[in-house]
Amino acid sequence: MIGRIVEIAGDGRHLSLDRGFLVISHRKDELGRIPIDDVAALIGNAHGLSYSNNLLVALAERGAPFVLCGAHHRPVGLLWPVDSHHRQAARMDAQLRASLPLRKRLWKQVTQAKIGMQAAVIGLFDGPEPPLRRLASTVRSGDPSNIEGRAARLYWNLLFGKAFRRDHDGDGINGLLNYGYTVLRATVARHLMAAGLHPGIPLHHANEGNPMRLVDDLMEPFRPLVDACVRRLAETGRRDVDSETKRTLALLPVRNICLDRGVSPVSLVIQRMVVSLAQLYEDPKATLELPPVTKTALASLWEESHVSEDDEAAD
């Protein structure tokens with residue numbers, strides 16, 4: 001089961017647990033309830049929210065992260081379980097033992113996958129893929145030349161035009177990107193924790209104030225999928241972060257991409273990547289399972305047949 005990304009966007013809501021259900025209420029009036037076992041991640045994105053301790057415990061027991069958002073829909077905190085996998089301690093020890101050359105090699109693979117996915121997204125919108133493909137082929141171990149940054153500048157110009165500037169505190173397209181990345185971050189965090197890995201032990205990100213550095217590392221190849229969704233929203237004139245656009249972005253984890261083995265939801269592709277990393281830490285001969293980075297792989301991204309109303313909920 002993939003589960004539901006649940007966002008609480010209404011101010012003054014109270015969240016509690018009742019007989020296996022997440023209950024959403026306002027001024028003692030119940031607004032709705034969702035089976036707690038269906039919740040893949042909970043996003044708090046409003047003012048004046050309150051929560052029962054029983055609910056937070058139930059989420060932690062099920063490995064469902066609780067993401068707290070601040071201004072511009074950016075995550076500022078995350079509740080994550082301390083006991084999520086039977087080999088959690090062993091895998092965290094293996095993370096800490098990972099050598100610098102191994103981490104640099106893995107970061108090269110992640111960076112190449114990200115740039116390759118950026119190229120695939122540009123191709124999806126009938127833009128030129130070769131410039132980004134060439135940059136991906138030049139990434140070296142650890143990306144000392146910051147090819148990732150060079151690719152990003154080219155990519156944003158191709159995707160949203162030369163006037164666009166990525167602004168983490170911006171509205172419009174930037175606000176939509178922030179919200180989509182929050183959904184993606186919660187999805188990656190859940191799978192990472194379920195695999196017994198520590199989110200703060202990174203491959204590359206070095207910000208000492210960021211407790212989710214590995215999450216931010218591993219979401220990189222999937223960020224362009226959010227960008228593609230935002231580009232499609234922008235093309236239809238939907239540039240504001242509202243209930244409709246948030247629902248579209250919240251459904252990203254259940255959208256499909258094409259693999260050699262068949263079609264799989266994005267969430268399961270993320271899970272396979274995270275599990276492969278956990279196995280690789282313990283056995284360096286294992287390989288990191290990254291997503292496919294071709295336009296063909298994204299052919300089913302917009303199909304609606306696999307997306308149901310029960311895959312997401314927002315208030």
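Visitor: Is C229 buried or exposed in this predicted model?
Guide: The model is predicted. A residue counts as buried under 20% relative accessible area. C229 has a relative accessible area of 2%, so this cysteine is buried.

Visitor: How many disulfides does the structure hold?
Guide: A disulfide requires a pair of cysteine sulfur atoms within 2.5 Å. The sulfur of C69 lies 17 Å from the closest cysteine sulfur, in C229, which is too far for a bond. C229 is likewise in no disulfide, as the nearest cysteine sulfur, that of C258, is 15 Å away. For the structure, the number of disulfides is zero.

Visitor: Is C69 buried or exposed?
Guide: The cut-off for a buried residue is under 20% relative accessible area. C69 has 14% relative accessibility and therefore counts as buried.

Visitor: What radius of gyration does the chain have?
Guide: The C-alpha trace spans about 60 × 50 × 40 Å along its principal axes. For 315 residues, a compact globule would have a radius of gyration near 20 Å.

Visitor: Which percentage of the contacts with a separation of 6 or more joins residues 24 or more positions apart?
Guide: The chain contains 10 helices and 11 strands, and buried residues make up 52% of its 315 residues. Among contacts with a separation of 6 or more, the share from residues 24 or more positions apart is 66%.

Visitor: How far apart do the centres of the positive and negative side chains lie?
Guide: The chain carries 39 positive and 37 negative side chains. The distance between the centres of the two sets is 7 Å.

Note on methods. Residues numbered from 1 in each chain as written. Predicted model: local features only at pLDDT ≥ 70, side-chain atom pairs only at ≥ 80, totals over all residues. Heavy atoms only, no water. Buried < 20%, exposed > 50% of the residue type's maximum accessible area, 1.4 Å probe, protein only. Helix = DSSP H or I, 4+ residues; strand = E, 2+ residues; numbered from the N terminus. Rg over C-alpha atoms; globule rule 2.2 N^0.38 Å. Contact = heavy atoms within 4.5 Å. Lys, Arg positive; Asp, Glu negative; His and termini not counted. Charge placed at Lys NZ, Arg CZ, Asp CG, Glu CD.
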